[in-house]
Amino acid sequence: HVSLTAAGEGHGATWTVGDTIIFASDSGIMDVPAGGGTPRLIVKPDSGEAFHFPDILPGGKAVLFGVSGKGTLKLAALVRSTGKVKRLAQQGGYPRYVNGGFVVVSDPSGILSAVPFDAERLEVTGPARPLADKLLAAPDGDVNAGVSRTGDFTYQVTPSAGSRLVLVDRAGGSRNVGADSGNYYNPRMAP
């Protein structure tokens with residue numbers, strides 16, 4: 001158990017293969033050894049911006065995350081070796097990389113989309129394709145969804161559409177899991 005409260009309010013975290021936890025806080029993108037220690041600031045957001053929901057990319061060389069502020073919600077990537085941030089034109093938040101070259105992103109309107117993505121060049125390579133809608137979403141892109149590296153995902157729809165948990169496979173097949181009247185929050189996929 002590692003406490004990240006010293007860095008302020010947390011906005012998502014990702015655990016690297018090298019047992020480092022990279023997380024977004026009020027201060028920016030930070031890291032801390034998984035075994036404990038003092039969090040270290042890697043990069044600060046610009047004035048009026050906030051960083052959210054980092055996800056380590058394959059190979060561990062870069063971290064994808066959402067940037068909110070100035071009326072937008074877009075993706076960015078942190079190159080770990082240099083500490084440089086590459087800002088992307090792609091709209092969306094809560095990015096989750098999927099093997100095979102996609103990033104699943106959320107939209108404050110409640111749409112979850114798959115975006116073709118080159119993890120080596122840190123570039124979007126095609127248009128977004130909607131996967132699901134009517135998700136419970138926050139302005140910073142936070143959604144009640146869990147996405148596996150293989151492309152399976154689960155999500156919660158807004159209460160007006162009914163409260164249900166849905167499991168979706170990479171081929172687009174879906175099935176309800178749990179009771180329609182369930183009170184689900186923050187679903188995640190087991191590896």
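**Figure 1. Glu 49 in strand 5.** Glu 49 sits in strand 5 (49-56) of this predicted model, where strands are DSSP runs of E with at least two residues, helices are runs of H or I with at least four, and both are numbered from the N terminus. Despite its charged class (Asp, Glu, Lys and Arg), Glu 49 is buried at 16% relative accessible area; buried means under 20%, exposed over 50% and partly exposed in between, using a 1.4 Å probe and protein chains only. Contact is taken as heavy atoms within 4.5 Å. Setting aside neighbours within four places in sequence, Glu 49 touches Val 67, Ser 68, Gly 69, Lys 70 and Arg 87. Numbering runs from 1 along each chain as its sequence is written, and side-chain values use heavy atoms, with hydrogens and water left out. As the model is predicted, local features need pLDDT of at least 70 and side-chain atom pairs count only at pLDDT 80 or more, while totals for chains, interfaces and linings use all residues.

Figure 2. Phe 53 has phi of about 50°, a positive value, although it is not a glycine. Phe 53 belongs to strand 5 and counts as buried, at 8% relative accessibility. Lys 70 isn't a glycine either, and its phi is positive too, near 55°. Lys 70 lies in the loop between strand 6 (62-69) and strand 7 (72-79), and at 60% relative accessibility it counts as exposed.

**Figure 3. The largest pocket.** About 610 Å³ of space lies here. A pocket is an open set of points on a 1 Å grid over the protein atoms alone, where a 1.4 Å probe fits, with protein on both sides within 12 Å along at least five of seven lines; lining residues have an atom within 4 Å of a point. Points are joined across faces, edges and corners, and the volume is the space filled by probe spheres set on them. Of the 22 lining residues, Ala 13, Thr 14, Asp 55, Arg 96 and Val 147 lie nearest the centre. Strand 1 (10-15), strand 5, strand 9 (93-98) and strand 14 (145-147) each give two or more residues to the lining.

Figure 4. Strand 10 (102-106) and strand 13 (129-132) each supply at least two of the lining residues. The lining has 7 nonpolar, 2 polar and 3 charged residues.

**Figure 5. The largest nonpolar core and Phe 153.** A nonpolar core is a set of buried Ala, Val, Leu, Ile, Met, Phe, Trp, Tyr and Cys residues joined through side-chain atoms within 4.5 Å. The largest has 15 residues, of which Leu 112, Ala 132, Leu 135, Phe 153 and Tyr 155 touch the most other members. Strand 9, strand 14, strand 15 (153-156) and strand 16 (165-168) each give two or more residues to this core. Beyond its neighbours within four places in sequence, Phe 153 is in contact with residues including Leu 112, Ala 132, Val 147, Val 166 and Met 189. Another core lies apart, with 12 residues, among them Ala 62, Leu 75, Ala 77 and Leu 122.
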